[in-house]
Amino acid sequence: MRGFGIWAIRLYLALLLLFLYLPIAVMVLLAFNQSPLYELPIVWDTVWFQSLAHNDRLIRAGLNSVGLALANTAIATALGTMTAIAFARYSFRGKALLELLLFPPITIPWLIIGTSMLIFFFWIGIGRGLHAMLLGHVALSLPYVIMVVGARLKGHGSALEEAAATLGASPWQAFWRVSLPVMAPGVVAASLFAFAVSFDQFVISYFLAPPGVSTLPVEIYAAIRKGFTPEINAISTIIILVSMGLMLLFARLYRFGGER
Amino acid sequence: MSTVDVIGAVKRYGRVAALDEVSIRFGEGEFFGLIGPSGSGKTTLLRAIAGFADLDAGEIRIDKQPVGDRPPHKRDIGMVFQNYALFPHLTVFENVAFGLSVRGRPKEAMRKDVGAMLDLVRLSGFEARKPRQLSGGQQQRVALARALVTRPRVLLLDEPLGALDKRLRQEMQIELRSIQREVGITTIFVTHDQEEALTLSDRIAIFNEGKVVQIGAPGEVYERPRSAFAAGFLGDANLFQGAVLDGGVEIGGLGTLRSADPLPAAGTHVSLAVRPEKIQVWVEGLATPGADLNRFKGRVQRAVYAGTNLTYKIEVGTHLLTVFEQNRAAHPLPTGTAVNVGWLPVHSVLVAA
């Protein structure tokens with residue numbers, strides 16, 4: 001009975017991994033297939049990577065996406081971390097309300113947020129463009145960053161900073177030598193969230209992108225509607241490799257400053 | 001060595017006064033215990049000395065210098081927190097060196113001082129460990145070493161042994177005391193454990209509702225509590241209320257109690273406290289103590305067996321007395337046994353109600 005249980009769990013795990021990774025594996029495999037119509041058997045070729053290198057549209061969209069995501073990560077992580085510290089360490093008027101208001105944006109569908117942003121940005125004259133997209137992405141990422149960093153901060157309370165103060169550390173020293181290293185895993189995790197929210201963002205980007213500017217998700221969407229070539233598979237393969245690499249790197253880094 | 005003066009300290013949180021006109025002078029090299037129920041103000045006072053709580057009125061002076069306008073990092077104090085607050089991302093060495101490092105001490109001097117301090121707390125060889133790899137007692141000693149390495153003027157301890165189990169706590173009490181003597185630092189510590197306060201302190205201040213109820217050496221405060229609260233909080237006490245008659249106090253439902261304390265005029269209502277361990281219990285006909293005792297007849301209502309000692313609840317008149325006895329006989333008196341109880345008049349302590 002015990003043996004059976006273990007095998008059942010292993011089978012379940014195998015199925016789960018299969019379910020998650022099979023579509024991705026198929027997509028990667030077909031990126032290396034010569035046929036533009038996904039014909040089998042697979043004829044090994046890197047033709048789609050080569051043509052990708054000449055597809056300026058897709059490359060520009062990709063660069064837009066990466067640039068936006070990096071800018072968003074930097075801004076949202078910095079702002080969100082500061083907010084989380086304020087929430088965790090200080091009391092001020094309206095704090096409870098402010099904290100409560102952080103949650104709805106996470107549950108409101110992005111489609112609705114995107115529409116309201118589009119209307120609002122036109123109304124106040126921001127309009128469309130990369131700057132508007134960045135603004136939208138930052139606004140969407142902030143609640144995630146604040147929650148992730150906040151969870152980490154609450155786990156420690158202010159005792160560590162107080163200990164640093166009694167040992168003669170100025171608030172500045174206490175922040176850089178104690179608070180930041182201790183909350184670093186939370187900040188790193190939050191920045192990953194911020195990156196993913198932006199890099200994955202379709203609705204906001206689609207609504208706020210001016211004609212001629214697009215991001216990777218928007219471009220992929222357009223390509224699928226036109227009937228797409230395995231170039232999309234090729235660029236997706238590159239993205240998957242990069243993001244999985246990043247994840248593994250961060251998973252290693254996560255230990256730094258952590259308790260485990 | 002330094003002195004700390006707290007003069008008329010007041011701290012309010014909304015309507016509640018956490019500190020209500022508290023004045024204490026902490027002497028040079030003194031080991032001073034602050035004890036009281038939670039919310040009595042003892043921790044607030046400690047945090048006010050550290051600089052984490054601003055006073056609404058009054059003043060704190062360290063070595064006669066007012067420190068009210070100085071933030072915590074400029075007060076030159078050492079503090080051990082309840083859960084130690086060791087920096088989890090730093091090693092034992094780096095934790096202890098932290099205070100020297102933020103002061104920009106040279107590496108060599110730092111290594112020497114940290115080494116000496118780890119020697120003192122018997123943690124040499126643990127330099128490279130992270131706090132999570134240490135036991136509770138070891139973490140406690142790292143916290144102590146970290147607080148002492150900068151040679152602060154005052155050491156503040158916030159329930160320093162509260163997180164340890166009983167045996168370890170007793171060991172650490174002895175160790176803490178000997179380290180404090182060796183360093184000779186003025187130490188103020190907060191505890192809610194009466195035994196710890198009595199064991200460690202040169203002097204004790206009992207807090208209640210933001211006020212200091214009594215200050216004195218452990219023996220003084222324990223043997224001569226000045227109020228019913230002090231008697232009941234530090235140790236246990238049987239309390240009696242009655243009116244003064246000539247030669248004693250008439251207690252309703254019991255009889256006349258004699259006290260060695262000077263009594264006020266006849267007719268005044270007073271309270272008397274009697275420590276449970278001062279009361280003798282004996283069975284009629286067996287050995288009878290000869291001394292001049294307050295003596296009553298009673299009946300054992302309950303006996304609680306605790307290995308080294310026994311606690312009796314004894315019905316005397318309409319009162320229920322608590323009595324502690326050493327477990328000499330190995331057989332507690334059974335429930336219902338008719339007994340005599342008695343104590344010397346000197347152990348009936350006059351207290352404010």
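How many helices and how many strands does chain A have? Chain A has 12 helices and 0 strands, where helices (H or I, at least four residues) and strands (E, at least two) are DSSP runs numbered from the N terminus.

Before selecting anything, note that this is a predicted model, in which local features need pLDDT of at least 70 and side-chain atom pairs count only at pLDDT 80 or more, while totals for chains, interfaces and linings use all residues. Residues are numbered from 1 along each chain as its sequence is written, and chains are lettered from A and ligands numbered from 1 in the order in which they are written.

Start with the whole of chain A, whose C-alpha atoms fill a box of roughly 70 × 65 × 35 Å, taken along the principal axes.

Next, select α3(A), residues 56–89, together with α9(A), residues 171–199. Their axes come within 8 Å and cross at roughly 140 degrees; axes are lines fitted to C-alpha atoms, for helices over the stretch in contact, and angles run from 0 to 180 degrees between N-to-C directions. The two helices are therefore oblique to each other, given that angles under 35 degrees count as roughly parallel, over 145 as roughly antiparallel, 65 to 115 as roughly perpendicular and the rest as oblique. To see where they meet, display residues including Ser65(A), Asn72(A) and Gly80(A) of α3(A), and Val187(A), Ala194(A) and Phe199(A) of α9(A); residues are in contact if their C-beta atoms, placed from the backbone, lie within 7 Å. By class, this contact has 8 nonpolar, 8 polar and no charged residues, with Ala, Val, Leu, Ile, Met, Phe, Trp, Tyr, Cys and Pro counted as nonpolar, Asp, Glu, Lys and Arg as charged, and the others, Gly among them, as polar.

Move on to α7(A), residues 130–156. This helix bends by about 35 degrees at Ser141(A), and Pro143(A) follows within four residues; the bend is the angle between axes fitted to the seven residues ending there and the seven starting there. After α7(A) comes Gly157(A), whose phi is positive, near 65 degrees.

Finally, show chain B: 16 residues of chain A are in contact with 20 residues of chain B. On the chain A side, α8(A) gives the largest share, 6 residues.

How values were computed
Contact = placed C-beta atoms within 7 Å. Expected span 1.5 Å × (residues − 1).
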